[in-house]
Structures are given as structure tokens and as C-alpha cells.
There are 2 protein chains.
Amino acid sequence: MAASSREGLNGIEEGDGVIIVDHGSRRKESNLMLNEFVAMFRERTKYPIVEPAHMELAEPSIRDAFSLCVQQGARRVIVSPFFLSPGRHWNQDIPSLTAEAAKEHPGVSYLITAPLGLHELLVNVVNDRINHCLSHIAGKADECSVCAGTGKCRLRQ
Amino acid sequence: MAASSREGLNGIEEGDGVIIVDHGSRRKESNLMLNEFVAMFRERTKYPIVEPAHMELAEPSIRDAFSLCVQQGARRVIVSPFFLSPGRHWNQDIPSLTAEAAKEHPGVSYLITAPLGLHELLVNVVNDRINHCLSHIAGKADECSVCAGTGKCRLRQ
């Protein structure tokens, strides 16, 4: 994955909508986490149309999100699965749900991007989580926002 | 999450072992992906002891990986959940399996780090996946390694 594609090359154009889709959970907190991620993503990329969706178990569905993109002017929809592994959901379920959704919007094209796992930057993410935890237990840093208040970030025996 | 923790501060010390644990799958490819990630992680961090583990459904277990770390000299084990969301697996299952594993190794301490979701670098990962796909369909880049050969990376209607 070329670093250049993060440093200038930007394929998103006017008329593009982005849907970030996770599995969906019965736990409200998990679904809210996707909203929070989408807010971060919108803010940092400044892309004009970005919508969250859940594959199942929670609203909004891929179908809802696809319609919302089209309502905002999207003529091309990029569906980005918020999954680490290229498993069955990426392989079959999300393509099939997206194809269904697209049927209702003739003339709108779409594509489904790769899942996240094995991206070189994930090494940095994992390493940063580790180093932050170690800094916290060494008394040099606050708990991260995930662990804050849970009492989880501590050395055990 | 301070950028400084990626740019110098490195809390891993001699005698530390790292376990990167995913859910585990009946699909061999998913389990192999973790091995591939661990290989990338080892190579880039140069940490002396790094082991993969699956929470369930596949070997090696957290218990196996914990023993392997101790056999290689670990006196402190850092368990890093390869999960996006801080759900039940992070909250309960992994801590409980790790506590069981640690019981067999008196004197060895451990900690469990935060999951990956909402790390600021994940915005870059998602954005890079999107831009790479768009470059591919514009004829400016090869398919990424995830999509290569699947015929998946194309615009549909």
C-alpha cells in the first residue's frame, strides 16, 4: 500500500459518497463507536458525504445509508467495511446487501473497498496501544480514552 | 493518544512478551492473516518475544501463547487484542482466559491493552484503502494484496 496514496493522491471527487459499515451489535456502545469513528473520519478527510451503516442487528442499514448518500447528491458510493479480516462478511454479505441497495438507485455506481487488516499502519496502531498502556502503568501517561474509568489498564499477576 | 508514543517512547523492555490475540475462526485464511500480521509486527518493532493467539475456535490458545512467552524468558506479558471494538471479548473473555493462563506461571505479570478502534491512525487506514481502490479503478494502481485476484475491486452498478 503506497504511502503516496495518503500524501496527496485523493481519489474522492464531488458526487462521491462514502459508507463506513461495521457488523452491527446488540450493544448500543459498539454501534455508537462507529458513529464516533465516522465523525472523526468526516472531520479529518472533509469528504462531503460520509454515512455510517451496520451490516445487521442495528440501524441504519446499508440500504438506508445508500439512500442517504444519493439524497445528498452521490452518483458513486464507496462502501468501506470497518472489519479487520477479509472473511465472509466482506466476501459475500456486504457485497450482496450493497447490490440490493444499489438496485433502488439506477445510474448510481458503487464499489466495495478492502478490509483494514494487514495494512502497514496497523502495526503502528497496535504498537501505540501497547506503548500507551506501558506508559500508563509506569505512571507517565493517563489512561487512554478506551480504558479511562474502567480500571482495566493495570498490571496483574 | 499522543503521537510521541509512536516517535521514540518505547515501553517494551527485555523480559517483556507480547501476545496479539484475535477472535479465531473456522476459516483457515482468517487465522493465517493473524500470523501474517504478527510477522509484520515482529519485523517492524524488533520486539524479542511476540506470539499470536486465538481467543477461540483455533490454536494456539492464549494459554499456549502465554507459555511460549514464558519459555522464551518473558516475566511480563502484554496481551494486545486485535479487535476494533471494546466489546464483551475485550471486556470479559480475554481477561478471563488470560487470568487462567497466568495462574500457571507464578511471578509473571501481565496486562491487557486497549482494542484498536477509534485510534486516530485508523482514519488514515480507511482513507488509504479507499484511495487505493479508487486509484485502481482509475487504472493508476494495481489491486491491493487483499483484493488481488478476487476480481472484487471494480466499480459496479
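## Exercise 1: A threonine and its neighbours

A:Thr113 touches A:Ile78, A:Val79, A:Ser80, A:Pro81, A:Trp90, B:Arg129, B:Ile130 and B:Cys133, leaving aside residues up to four places away in sequence. The model is predicted.

**Task.** Find where A:Thr113 lies in chain A, and decide whether A:Thr113 is buried or exposed.

**Solution.** Start with the chain: A:Thr113 sits in the loop between strand 4 and helix 4 of chain A. Next, take the relative accessibility, which is 0% for A:Thr113. Buried means under 20%, so A:Thr113 counts as buried.

## Exercise 2: The extent of the interface

**Task.** Work out how many residues of each chain are in contact and what area is buried between chain A and chain B.

**Solution.** Begin with the contacts: 70 residues of chain A meet 69 residues of chain B. Then turn to the area, which is about 7,000 Å², with 70% given by carbon and sulfur atoms. Finally, A:Leu118, A:Asp128 and A:Arg129 supply 10% of the area that chain A buries against chain B, more than any other three residues.

## Exercise 3: Pairs and elements

**Solution.** Now the elements: helix 4 of chain A gives the largest share of the side touching chain B, 17 residues. Last, sort the residues of that side of chain A: 38 are nonpolar, 20 polar and twelve charged.

Technical notes: Residues are numbered from 1 along each chain as its sequence is written. Chains are lettered from A and ligands numbered from 1 in the order in which they are written. This is a predicted model: local features need pLDDT of at least 70, side-chain atom pairs count only at pLDDT 80 or more; totals for chains, interfaces and linings use all residues. Side-chain values use heavy atoms; hydrogens and water are left out. Contact means heavy atoms within 4.5 Å. Buried area is the accessible area (1.4 Å probe) that two parts lose on being put together, summed over both. Helices (H or I, at least four residues) and strands (E, at least two) are DSSP runs, numbered from the N terminus. Ala, Val, Leu, Ile, Met, Phe, Trp, Tyr, Cys and Pro count as nonpolar, Asp, Glu, Lys and Arg as charged, and the others, Gly among them, as polar. Buried means under 20% relative accessible area, exposed over 50%, partly exposed in between (1.4 Å probe, protein chains only).
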